[in-house]
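Hi,

Here is the structure I promised to pass on. My notes on it follow below.

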Amino acid sequence: MKKILVLHTGGTIAMQESEAGIQPNIINPLYSTIESLSTIASVIVDDYLNMPSPHITPRLMIDLANRIKERVHKDQLDGVVVTHGTDTLEETAYLLDLVLDWDIPVILTGAMRSSNELGADGPHNLIASVKVAANDEAKGKGVLVVLNDEIHTAKNVTKTHSSNISTFQSPQYGPLGIVTKRGVFFHHTLTQRDCHPVSKLSKKVALLKVYSGMDESIVEAIGQTGVDGLVIEAFGQGNVPPVIMKALKDLIDRNVPVVLVSRCFSGVVQDTYAYEGGGRTLKEMGVIFTNGLNGQKARLKLMVVLEHVNKHDDIQERFYK
């Protein structure tokens, strides 16, 4: 029987609703589910954190990665399941995917309904996640996200609805597989993984979404905060208001990398349009293009990459993957 660590970090999956609202519990309600997992795997529990998802920071994500490494080495684990709040689950999953360079399955899951709500989804998501973590086909696929009986990659999954239990989707790509009563089924996989192991994050990276009528003052203000990098969520295929071009160029001239993503759900940024503020003019100016990442994940990747390299071409090469 596979040996699986269930590591709790908090979130709605570990909360109960009362007249005062939904709040963390002192006793994790998922303990009542652990017993039902005995036929699936030998489960070890680690009550590591009990924090709402918006309280999670990149530093805590790195601490979590280090904790997972420690437990895998100490307990000789076959897989890991991390329970997490859904608001930042995709970010934690992606950062773990970037820094954990191994084939052992690591699964993140959560819940959209607290433990005492009608139709609570936490227990089912936990059981499905342990099934995936114990499945041999989950090896070598990187960090996975399992909710609502679907298996998603950390790179592509995102939260698409504020409250619906089917909120986690992978726009353009779809899930890697599904969990059923008969077992775990994978129907495709990523062609390559992108790992940059680090044990700390020391760089400050900002994320900014463009909007119509935007002026240069907000970009200039961000530049004055001493950021080490900036991610821009651009229009469409990668276009920005022309008025912010000079401010972006000033950052690049100061060796502050500017990374471009699209604010659209699907598609990638491209150097298509040659007008002022268009993708081609941005590329020629030195803006770094991504390959389908959303803004919040591109920010985390830039933070990780900057721990390794700081030259423009080296950063660009790592964002092509």
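Buried residues (under 20% relative accessible area with a 1.4 Å probe, protein chains only; exposed is over 50% and partly exposed lies in between) make up 51% of the 321 residues in the protein. This is a predicted model, where local features need pLDDT of at least 70, side-chain atom pairs count only at pLDDT 80 or more, and totals for chains, interfaces and linings use all residues. Residues are numbered from 1 along each chain as its sequence is written, and side-chain values use heavy atoms, with hydrogens and water left out.

The protein has nine helices and 16 strands, taken as DSSP runs numbered from the N terminus (helices H or I, at least four residues; strands E, at least two). Its radius of gyration is 20 Å, close to the 20 Å from the globule rule for 321 residues, so the protein is as compact as a globular protein of that length. That radius is taken over C-alpha atoms, and the rule is 2.2 Å times the number of residues to the power 0.38.

Now to one helix in particular. In α8 (residues 295-305), nine of the eleven residues are buried, among them K297, K301 and V304. The cover over the buried residues of α8 includes α2 (58-75), α3 (89-99) and β14 (229-234). V304 turns up again among the residues that V99 touches, along with I62, A65 and H196, not counting residues up to four places away in sequence; contact means heavy atoms within 4.5 Å.

Best wishes
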